[in-house]
Amino acid sequence: MSAATPESSAAAADSASSKRPIGPSLAEPSPPAKVPRSSQPDPCPSPAEARGDAANGGEVAEGSREEMAGAWNPRAQRYLVAVEYIGTRFSGSQQQPNQRTVVGVLEEAFHKFIGQPVSIFCSSRTDAGVHALSNVCHVDVERISKRKPGEVLPPHEPGVVKRAVNHFLQKNEGDIMVTDVCCVAPDFHARYKALERTYHYRLLSGSEPLSVFEKSSAWHIAEDLNVQAMKKACSILVGHHDFSSFRAAGCQANSPMRTLDELTVTEVFPSMFFPSSLERSDMEPLDGPLIYSRTSVVESSGKGSDASNTTSESRCESGGEFGKRLRHRCFVVTARARSFLYHQVRLMVGLLKSVGTGDLTTADVERILNSKTVTAAPPMAPACGLYLANVKYDLSI
């Protein structure tokens with residue numbers, strides 16, 4: 001007997017379910033309510049403002065399609081869908097003619113699953129090359145019986161939606177996956193209801209050429225980085241400011257005022273970290289969980305968390321062992337706010353990098369912020385190192 005596919009599972013559910021009236025939760029909704037004001041000064045962007053309000057540091061302006069998200073079908077169930085993707089082979093998240101996009105691939109997968117076209121609306125619009133650990137979108141799905149066209153069946157359970165859509169996504173390039181699904185009210189909007197967005201940016205510092213495994217996942221900085229100076233620069237930018245100096249041309253947001261709740265620089269282990277023999281012995285579990293000694297690894301590479309790169313005689317890579325590569329230092333810049341201006345995150349990272357390499361000082365950071373013009377800022381960081389990490393909602397309302 002062959003294994004059941006999402007198509008056969010959905011068909012079986014159709015035949016086993018009987019027609020039922022639409023419950024109160026699927027009734028004709030009223031116009032979307034505004035998100036309650038939080039302690040943050042930034043208001044939730046209106047539909048008109050959101051078209052140019054970069055929720056990702058690298059947004060592409062969208063047309064009237066965004067307003068179409070309000071055209072609800074009272075017979076449909078609205079789902080909130082979290083997705084992760086590698087942005088390298090996507091021409092951004094939003095639908096574009098003759099281009100492979102996140103929304104386009106998701107809409108195709110949903111179409112194959114339910115047999116009819118759908119419209120996907122993302123919480124945050126990302127540029128080509130930008131990745132997502134968790135982007136969130138919403139979609140309305142009207143479940144029509146395949147045996148009796150026109151008969152509306154009870155909505156699919158979220159788990160069924162997740163498994164079925166992933167089934168079709170894996171038949172694509174395999175660089176996007178649904179990670180979570182839940183049912184939400186028919187007026188819940190993935191973009192306008194978002195309370196907070198968090199982004200990570202990966203930098204790899206070191207003179208060694210970047211590994212082929214990392215070329216599209218981080219920004220390679222050949223120079224050493226002064227992390228303490230970068231942290232001081234972060235403290236200047238955190239808070240409620242006019243961020244016109246970090247607002248790329250083409251931004252359609254009504255106001256450059258934003259509240260940056262967090263901007264930090266942290267040294268972490270590279271994602272492609274493989275321990276040496278010395279490090280493996282330090283990490284061996286004595287009795288139970290793995291012992292992961294950050295100190296031993298940092299010392300074995302001859303580098304401190306905030307010190308400049310130095311050469312260590314005990315470092316095995318510098319001992320001339322054939323085929324071994326020097327290890328890069330990996331830093332993550334984290335930015336958190338309710339919303340961001342167009343390319344704001346990448347422009348801020350570009351500034352932090354210049355501070356880290358000594359091309360700019362912390363005094364220059366204040367000058368650039370107060371100048372209120374993007375021409376005063378250094379070039380923005382490339383898209384390859386940017387990751388949308390999390391979109392926060394209050395799902396209790």
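**Talking through the model**

Modeller: The chain has nine helices and ten strands; both are DSSP runs, helices being H or I with at least four residues and strands E with at least two, numbered from the N terminus. This is a predicted model, where local features need pLDDT of at least 70, side-chain atom pairs count only at pLDDT 80 or more, and totals for chains, interfaces and linings use all residues. Residues are numbered from 1 along each chain as its sequence is written, and side-chain values use heavy atoms, with hydrogens and water left out.

Colleague: What percentage of the residues of the chain count as buried?

Modeller: Buried means under 20% relative accessible area, exposed is over 50%, and partly exposed is in between (1.4 Å probe, protein chains only). The chain has 397 residues, and the share that counts as buried is 50%.

Colleague: And how much of the contacts with a separation of 6 or more comes from residues 24 or more positions apart?

Modeller: Contact here means heavy atoms within 4.5 Å. Among contacts in the chain with a separation of 6 or more, residues 24 or more positions apart account for 76%.

Colleague: How many aromatic pairs does a search of the whole structure find?

Modeller: Rings of Phe, Tyr and Trp (its six-membered ring) pair if their centres lie within 6.5 Å; planes under 30 degrees apart are stacked, over 60 edge-to-face, and the rest tilted. Searching the whole structure with that rule, the number of aromatic pairs is five.

Colleague: Which kind of pair do Y85 and F90 form?

Modeller: Y85 is buried at 4% relative accessibility, and F90 is buried too, at 3%. Their ring centres are 5.9 Å apart and the planes make an angle of 70°. That makes the pair edge-to-face.

Colleague: Which residue has its charged end over the ring of F90?

Modeller: A charge sits over a ring if NZ of Lys or CZ of Arg is within 6 Å of the ring centre and within 35 degrees of the ring normal. Here the charged end is 4.2 Å from the centre of the F90 ring, and it belongs to R100.

Colleague: What is the distance of the polar contact between the side chains of T126 and Y85?

Modeller: T126 is in the loop between β2 (120-122) and β3 (131-141), and it is buried at 2%. A polar contact is a pair of N or O atoms within 3.5 Å; within protein, one must be able to donate a hydrogen and the other to accept it, and residues adjacent in sequence count only if both atoms are side-chain atoms. For the side chains of T126 and Y85, the distance is 2.8 Å.

Colleague: Why is the pair of F188 and Y393 tilted?

Modeller: F188 is buried at 5% relative accessibility, and Y393 at 14%. The ring centres are 5.5 Å apart. The planes are at 55°, so the pair counts as tilted.

Colleague: Which residues is V165 in contact with, leaving aside neighbours within four places in sequence?

Modeller: V165 is found in helix α4 and is buried, at 0% relative accessibility. Its C-alpha is 6.5 Å from that of F113, 52 residues apart along the chain. With those neighbours left aside, the contacts of V165 are A109, F110, F113 and V178.

Colleague: How many residues of α8 are buried?

Modeller: Helix α8 (residues 344-356) reaches 18 Å from first C-alpha to last, close to the 18 Å expected at 1.5 Å a residue; the expected span is 1.5 Å times one less than the number of residues. The helix is mostly covered, the buried count being 13 of its 13 residues.

Colleague: Which value is phi of H343 near?

Modeller: H343 lies in the loop between β9 (329-337) and α8, and it is buried at 8%. Most residues other than glycine have a negative phi. H343 is not a glycine, yet its phi is positive, near 70°.
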